[in-house]
Amino acid sequence: MRSIHILFCTLFLLILSPLHGQFGTLGQVNNPVSWEEKFDKNREIELGEEIELGFEAIIESGFWVYSVVPNENVPGAATSFHWDETANGAEVAGAMGEKGKPKKYYDDVFDTDRVKYEDKVLFTQKVKVNDPNQPIVGY
């Protein structure tokens, strides 16, 4: 009985071994999107000035990022950014923008058109600076 148990465990591990390379380390999250800030941090910023912050998403092949424009037929499916206006030196000035090659497609699960980005997309947000000595906080 013990030898059958050892044989079963060995076969199980052999079956999982090829999957390890495909899905990354077992039990860990694969992060197919990396982010880069696009903002000149070396320039002087004045009180009350509007500046544009940029966040570029670099997306691995086979993955995508949804548009920031919400679709009322699919709640919660848009890419979103959240700003902590109580703890930072700026306030949002206008809607979030996006620059890239949008791919519009029909989603038969939700029976609606959707927009996604592959490869890369630049999300932009204008903010009004309330205190140039305070950080801009968000996620």
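Let's start at Y66: partly exposed, with a relative accessible area of 24%. Partly exposed lies between buried, under 20% relative accessible area, and exposed, over 50%, using a 1.4 Å probe and protein chains only. This is a predicted model, where local features need pLDDT of at least 70, side-chain atom pairs count only at pLDDT 80 or more, and totals for chains, interfaces and linings use all residues. Residues are numbered from 1 along each chain as its sequence is written, and side-chain values use heavy atoms, leaving out hydrogens and water.

What sits over the ring of Y66? The charged end of R114, 4.2 Å from the ring centre. The criterion: NZ of Lys or CZ of Arg within 6 Å of the ring centre and within 35 degrees of the ring normal. K116 has its charged end over the ring of W64, at 4.0 Å from the centre. W64 is partly exposed, at 38% relative accessibility.

Now T79. It is buried, at 16% relative accessibility. Its side chain reaches the backbone oxygen of Y66 at 2.5 Å. T79 touches V65, Y66, S67, V68 and F123, leaving aside residues up to four places away in sequence. Touching means heavy atoms within 4.5 Å.

Last, the aromatics. The whole structure holds six aromatic pairs. Rings of Phe, Tyr and Trp (its six-membered ring) pair if their centres lie within 6.5 Å; planes under 30 degrees apart are stacked, over 60 edge-to-face, the rest tilted. W35 and F81 are edge-to-face, because their planes stand at 90°, with centres 5.9 Å apart.

Notes: Polar contact = N/O pair within 3.5 Å; in protein donor to acceptor, adjacent residues only side chain to side chain.
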